[in-house]
Amino acid sequence: MPRIIFTTSRHDTVPLRRLARELATMLYSAARLNRGGRSLPEVLALARARKASRLVVIYRGRGGNPGRMVFFDLSGDAPRVFPYLIRLRGVVFSPGSAASRRPAREVPVVSLGSETELAEELSVMLDVTYLGAMGEEAVAKYPGRLMVVEKVDRPSLAYVIKFYEGGSAIGPKLLIESLVRIRSRSLEGIA
């Protein structure tokens, strides 16, 4: 049974579906859910029926590309929205990422260089271990797969999320514009 389910907004595009599929492949105990015409409450109910503890919905942005990711906690009595969403600037799909194999164990999150707020929040929102900050050499020597969060100080680009295995980058690279605090944590207004 998957712990994390990735799905798209109701009006999805090919890049949204591809990102949901590839993220589900990159993480242990994750799956992709084809949303179809289902409403958000229907998707939440279906994810809970599959015993998932997290649901990640990928929404459209500019030009039909992935624009934001909203995270839901399904582990309590009622689903709740996590207090942050990720605003995406873009996604870089690697040519071989579609053929990546699913990892055999949990994929921890690390910050590259120094601690980052996004890495800590991401580990909570995905219900995975946060290993703290690591240098490039430690990331290269890590024996399994890692989700690496790198802080970037450029206009309209705050972070990059990458996956590493055996010292090499694999899978999609997510270009993060910002980590946005959600004011209302109710399900109203989130389609």
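## A residue in strand β4

In this predicted model, D73 is found in strand β4, which covers residues 66-73. With a relative accessible area of 8%, D73 falls under the 20% limit and is therefore counted as buried.

The side chain of D73 makes two polar contacts that are described here: one, of 3.0 Å, is with the side chain of R54, and another, of 2.6 Å, joins it to the side chain of S75. When neighbours within four places in sequence are left aside, the residues in contact with D73 are S53, R54, A78, P79, R80 and F82.

## The pairing of β3 and β4

The open sheet is formed by 10 strands with mixed pairing, and their order is β2-β1-β3-β4-β5-β10-β9-β8-β6-β7. At its edges stand β2 (30-32) and β7 (130-134), and because each has a single partner strand, one side of each is left without a neighbour in the sheet. Direction ignored, neighbouring strands of this sheet are turned against each other by 30° on average.

Helix α1, made of residues 14-26, packs on the sheet and touches β1, β2, β3, β4, β5 (80-92), β8 (145-154), β9 (157-165) and β10 (168-181). The direction of α1 makes about 115° with that of β10.

## Helix α2 and its two faces

Helix α2, which spans residues 40-49, has among its residues L40, V43, L44 and A47, and these four are buried. They lie on the same side of α2, because the arc that they cover around the axis is only 100°. On the face turned away from this buried side, α2 carries the exposed residues P41 and A49.

Just after α2, K51 takes a positive phi of about 65°.

Conventions:
Residues numbered from 1 in each chain as written. Predicted model: local features only at pLDDT ≥ 70, side-chain atom pairs only at ≥ 80, totals over all residues. Heavy atoms only, no water. Buried < 20%, exposed > 50% of the residue type's maximum accessible area, 1.4 Å probe, protein only. Polar contact = N/O pair within 3.5 Å; in protein donor to acceptor, adjacent residues only side chain to side chain. Contact = heavy atoms within 4.5 Å. Arc of directions from axis to C-beta. Pairing = 2+ DSSP bridges. Axes fitted to C-alpha atoms, helices over the stretch in contact; angles between N-to-C directions.
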